Amino acid sequence: MEFLRLSIKLAGQYKNRLKAGILLIFLQNASMLVAFFALYLGFGWMHETSEKHLWIIFGVLVISFLFNFLTGWAKSGLSDGVFFGIFKDYRLEVGEKLKKAPMGYFAEQSLSRIMAAFTNVMKSLENYSAMSIDFTVSGISISFFLLIGMFGVNTKIGFLTLICLIIIWLCFFVMMRLAKREVIGEHKALTDVGDALVDSISGVPVLRSFPYADKGVVEEIHAKLATTSEKLMKIQIHFEIIFVIFSRIFSTVINLSSLLVTLFSCYLYTKGEVLLPQALTVSAAGFMIFGGLKQLENAAVLMVKNPANMQYLEDVLDIPEIKDGSLEVMENKDITFENVHFSYDNRNSVLKDISFTIPQGSKTAIVGPSGSGKTTIINLIARFHDVDSGKISLGGKDIREYKVESLLKNLSLVFQDVYLFQDTIENNIRFAKPDASHEEVVEAAKKARCHNFIMELSDGYNTVVGEGGSSLSGGEKQRISIARALLKNAPIILLDEATSSVDPENEHEILAAIEELSKGHTVISIAHRLSTVRNADQILVIEDGKLVQEGKHDELIEAEGIYRAFIEARERASNWTL
């Protein structure tokens with residue numbers, strides 16, 4: 001079975017426990033042969049039953065019971081909870097991969113799909129994987145031991161039982177095929193509901209900000225969630241109805257099979273081909289043992305849902321990992337782009353044959369229109385993506401030759417959109433250096449111009465910020481992120497429009513914090529602010545993925561081109577008054 005193979009593949013350190021559990025399920029059902037034999041003895045001695053005979057039958061039944069109990073107990077201890085351990089390890093493994101995943105992965109996979117994989121799908125597998133294996137292996141072992149018992153009684157009865165079992169298993173596979181079709185539709189509907197839910201929740205601030213917005217748009221957002229939820233409900237109800245119909249058919253096939261085997265054994269008795277004890281044993285055992293196959297009804301669904309869920313995990317959480325190098329970052333930290341080409345989708349180029357050098361210890365500003373490729377340059381230096389062609393060198397070596405961890409230790413990144421964890425402010429700053437003392441955290445905060453506002457908070461450095469830093473202003477979050485970068489004290493600073501979305505009052509504080517951060521470091525900043533650009537050692541002007549101008553402010557301002565137009569537009573904006 002596909003799910004057994006996938007489960008063993010995923011089991012990791014639990015593989016031997018899982019295999020032992022499967023073997024014990026098989027052996028547990030072997031106890032039915034012993035019970036089968038006890039029935040045969042009882043019917044065989046019914047005309048001459050003595051105390052000795054009763055003790056023998058009782059002994060055989062005790063052996064059957066003890067064997068069933070001990071194998072079941074051992075199986076429960078070994079494998080019943082094994083999938084909780086398997087998926088605990090799997091979550092941690094995926095979490096490690098996510099930390100190293102190229103940013104393109106997050107663009108390809110929607111947040112709702114990743115969340116569905118980690119919550120609904122993984123939880124379903126935790127709860128039902130052991131059950132589906134139990135049902136299916138039990139069905140296989142019951143069929144096997146039933147055949148042995150029936151062939152032991154009479155060859156003709158054995159062949160009839162084989163034919164009945166073939167029909168039963170064909171029905172099982174038909175149910176699996178039906179369930180597979182329904183599960184594919186259910187996964188699609190779950191994804192649609194997740195997308196609609198993310199849109200609905202994420203859009204709340206926008207909807208509240210524009211109460212007089214087009215009501216049709218607002219209604220469309222809410223209607224999408226309602227429509228997708230109703231579609232999911234209909235798919236699930238349709239599946240339940242179809243499954244109930246087929247499960248009743250399946251139960252009927254099993255009941256008819258046991259009845260047919262019983263009638264056939266009685267017919268053979270009338271023909272003198274089997275003895276009465278044999279006919280009675282087949283009749284009694286047939287109804288009891290065939291009944292054990294009814295659990296295949298649930299197995300048919302679970303053995304489709306679980307592999308489909310496994311496949312969903314593989315599709316969503318098949319995370320490409322940036323290949324690690326073997327070198328440590330050297331003292332020389334000149335950064336060079338050589339004929340770099342890059343695209344996010346392997347079709348539309350974002351950077352086109354771009355080349356430049358950033359000397360160690362220099363301050364470089366990158367300017368250009370939105371969508372020109374500025375942020376992409378920062379992301380490529382940090383190896384959030386790898387180039388399609390060309391080379392990025394650090395100290396004369398291709399950055400792909402360095403260990404990713406070593407490379408990132410030498411980089412501090414300050415993004416435009418700051419994310420803070422739902423934890424204390426101190427821990428958010430200490431994130432850059434887990435072994436930092438409280439004094440070091442405070443010193444970094446002072447340099448980042450955020451110590452004063454932190455001390456004004458109710459619990460100071462122990463104040464817990466909201467999810468994503470929602471309880472702080474944009475400027476406060478930005479300064480905390482700069483404090484984090486100061487504490488890390490990496491030799492290369494990457495600033496992605498760190499002041500573009502803050503008010504003038506906060507900008508002054510942030511610029512002072514950035515100045516503190518930049519001392520003695522290589523600084524690469526994407527900037528729209530004139531004050532940031534003017535003092536750079538070199539300015540790279542990017543347009544449509546190409547380097548169109550390069551030089552210092554005084555040189556570029558004298559030349560015709562996009563830079564001078566950029567500066568003139570900024571000056572007109574700064575001189576505008578009401």
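In helix 5, the residues Val82, Phe83, Gly85, Ile86, Phe87, Tyr90 and Val94 are buried (under 20% relative accessible area with a 1.4 Å probe and protein chains only; exposed is over 50% and partly exposed lies in between). Helices here are DSSP runs of H or I with at least four residues, and strands are E runs of at least two, numbered from the N terminus. The model is predicted, so local features need pLDDT of at least 70 and side-chain atom pairs count only at pLDDT 80 or more, while totals for chains, interfaces and linings use all residues. Residues are numbered from 1 along each chain as its sequence is written, and side-chain values use heavy atoms, with hydrogens and water left out.

A search of the whole structure gives three cavities of 30 Å³ or more, a cavity being a set of points on a 1 Å grid over the protein atoms alone where a 1.4 Å probe fits but cannot get out. Helices 2, 4, 5 and 7 each supply at least two lining residues, and helix 2 gives the most, with four.

Turning to the strands, five of the six residues of strand 9 (residues 538-543) are buried, so this strand is largely enclosed by the rest of the structure. Strand 9 runs parallel to strand 3 (residues 363-367), joined by four bridges, where pairing requires at least two DSSP bridges. Val367 has Val541 as its bridge partner. On strand 10 (residues 546-551), which is antiparallel to strand 9 and joined to it by five bridges, Gly551 partners Ile539. Two residues separate strands 9 and 10 in their hairpin, and Asp544 there takes a positive phi near 50°.

Finally, there are eight aromatic pairs, defined by ring centres of Phe, Tyr and Trp (its six-membered ring) within 6.5 Å; planes under 30 degrees apart are stacked, over 60 edge-to-face and the rest tilted. Phe26 and Phe144 make a tilted pair, 5.8 Å centre to centre with 40° between the planes. Phe26, Phe144 and Phe145 form one aromatic cluster.

Note on methods. On a 1 Å grid over the protein atoms alone, a cavity is a set of points where a 1.4 Å probe fits but cannot get out, and a pocket is an open set with protein on both sides within 12 Å along at least five of seven lines; lining residues have an atom within 4 Å of a point. Grid points are joined across faces, edges and corners, and a volume is the space filled by probe spheres set on the points.
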